[in-house]
Amino acid sequence: MGRFNKKRKKRSTIIDYVLYLAVKACVAVFRLMPLNVCMGLGRFLAYGGYLVDRRRRRIAEENLRNAYGKNLSDAQIQEIIRRSYLHLASVGVDFIKLPRIVNSNNWRNHIEVEGLEFAKKAREEGKGIIFVTGHVGNWEVLGCAMEFLFHQPVHSIAKHMENPFNDRLVTQLREDGGQKIIFTENSARAILRVLKNNQLLGILIDQNVRDNNILVDFFGQKAATTRSAATLSLKTGAPVIMLFARRLEGGYKFKVSLSEPVQIEKTGDLEKDIFNLTQRCTSIIESRIREHPHEWLWIHRRWKLKSTAVSSNP
């Protein structure tokens, strides 16, 4: 039995490394090709994925039916899923290409900003900023944009990928684009240090979370959601600002939108306040998704776990 497990582990490592080499080769090729060729090839590959990836397509179908009920026909559901695959291709291409196209000298030609004054005023409090967003629009652009807007990187909280080779590659790509990555494992001290130094923290809250989560309404259903953003804000006084980016029509341009600090009426009950703030942020993300439903990650199993909250720690 031990020998069998050892062989499986060795084979898994080999497969992981082969997949890593394939991804690394794709990144290298995409970096060399012109942007329009990259977009065309990306969309071609994404459409192929849409046709053959039945498992994730079924997840997306189930999610859309759960979210919209009978308000969408089967044809409309398939159209949203097809467009979401194409959108993911665009996100992937921009993730690779944007740091090599947009720089500190020309970023104003490519990035339109709305609401920057809210964040600049919030930073005057000296408690840092917690930027909250989701996998909607072009979220990978945000790391690059924040460095141009604030002249410092955003520290993004992330989970390790299952493939350790791809994990290192993606982390390097994100940091090349202007982010600093804080992994969720043993991250409390690093996160608190960021806020104490009046720096920028980024958290995506729209994915299913297994541990120490909180159940909030998302498209009319309870969804297990990270409580970290709300807990950190309520315990440190750092303001929460919603942050989104989406690609604009015509040319290589993006619109980055920053909200006013998210406010709730504090009750004096920490757990209730964590719920209310998390719910408010989740509702804002839902509204954003409803504006452009094909720009969200419908292939993710968002509704699948019950609450496992055990404490008020982030």
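Two strands pair if DSSP finds at least two bridges between them. In this predicted model, that criterion opens the way into strand S2, which covers residues 129-133. Strand S2 pairs with strand S8 (residues 240-247) in the parallel sense over three bridges, and within this pairing Ile130 stands opposite Val240. Strand S2 also pairs with strand S5 (residues 200-204), again in the parallel sense, over five bridges. There, Leu200 of S5 is the bridge partner of Ile129.

Because five of the five residues of S2 are buried, the strand is largely enclosed by the rest of the structure.

Aromatic contacts form the next topic. A pair of aromatic rings is described by the distance of the centres and the angle of the planes. The whole structure contains 15 aromatic pairs. One of them joins Phe218 and Trp296 in an edge-to-face arrangement, with 5.5 Å from centre to centre and 65 degrees between the planes. Phe218 belongs to strand S6 (residues 213-218), whereas Trp296 lies in the segment after helix H10 (270-291), so the pair ties together parts that are 78 residues apart in sequence. Both partners are buried: Phe218 has a relative accessibility of 1%, and Trp296 has a relative accessible area of 3%. The two residues also belong to a cluster in which ring pairs link Tyr68, Phe218, Phe219, Trp296, Trp298 and Trp303.

The ring of Phe218 has a charged neighbour as well, for the charged end of Arg302 sits over this ring, 5.4 Å from its centre. A contact of this kind is also found at Tyr50, where the charged end of Arg57 sits over the ring, 5.4 Å from its centre.

Charged side chains also meet one another. Side chains of opposite charge can pair when their charged atoms come close. The structure holds 10 salt bridges, among them the one between Arg174 and Glu140, with an N to O distance of 2.9 Å. This pair links distant parts of the chain, since Arg174 lies in helix H7 (residues 164-176) and Glu140 in the loop between S2 and helix H6 (141-150), 34 residues apart. Arg174 is partly exposed at 24% relative accessibility, while Glu140 is buried at 13%.

Another salt bridge joins Glu271 and Arg227, whose closest N and O atoms are 2.8 Å apart. Glu271 is placed in helix H10 and Arg227 in the loop between strand S7 (221-226) and helix H9 (228-236), so this contact ties together parts that are 44 residues apart in sequence. Glu271 is partly exposed, at 35% relative accessibility, but Arg227 is buried, with a relative accessible area of 1%.

Arg290 is partly exposed at 40% relative accessibility, and Glu286 is buried at 14%.

Leu41 is located in helix H2 (residues 35-52) and is partly exposed, with a relative accessibility of 30%.

Conventions:
Residues numbered from 1 in each chain as written. Predicted model: local features only at pLDDT ≥ 70, side-chain atom pairs only at ≥ 80, totals over all residues. Heavy atoms only, no water. Phe/Tyr/Trp six-rings, centres within 6.5 Å; stacked < 30°, edge-to-face > 60°. Helix = DSSP H or I, 4+ residues; strand = E, 2+ residues; numbered from the N terminus. Buried < 20%, exposed > 50% of the residue type's maximum accessible area, 1.4 Å probe, protein only. Lys NZ or Arg CZ within 6 Å of the ring centre and 35° of its normal. Salt bridge = Lys/Arg side-chain N within 4 Å of Asp/Glu carboxyl O.
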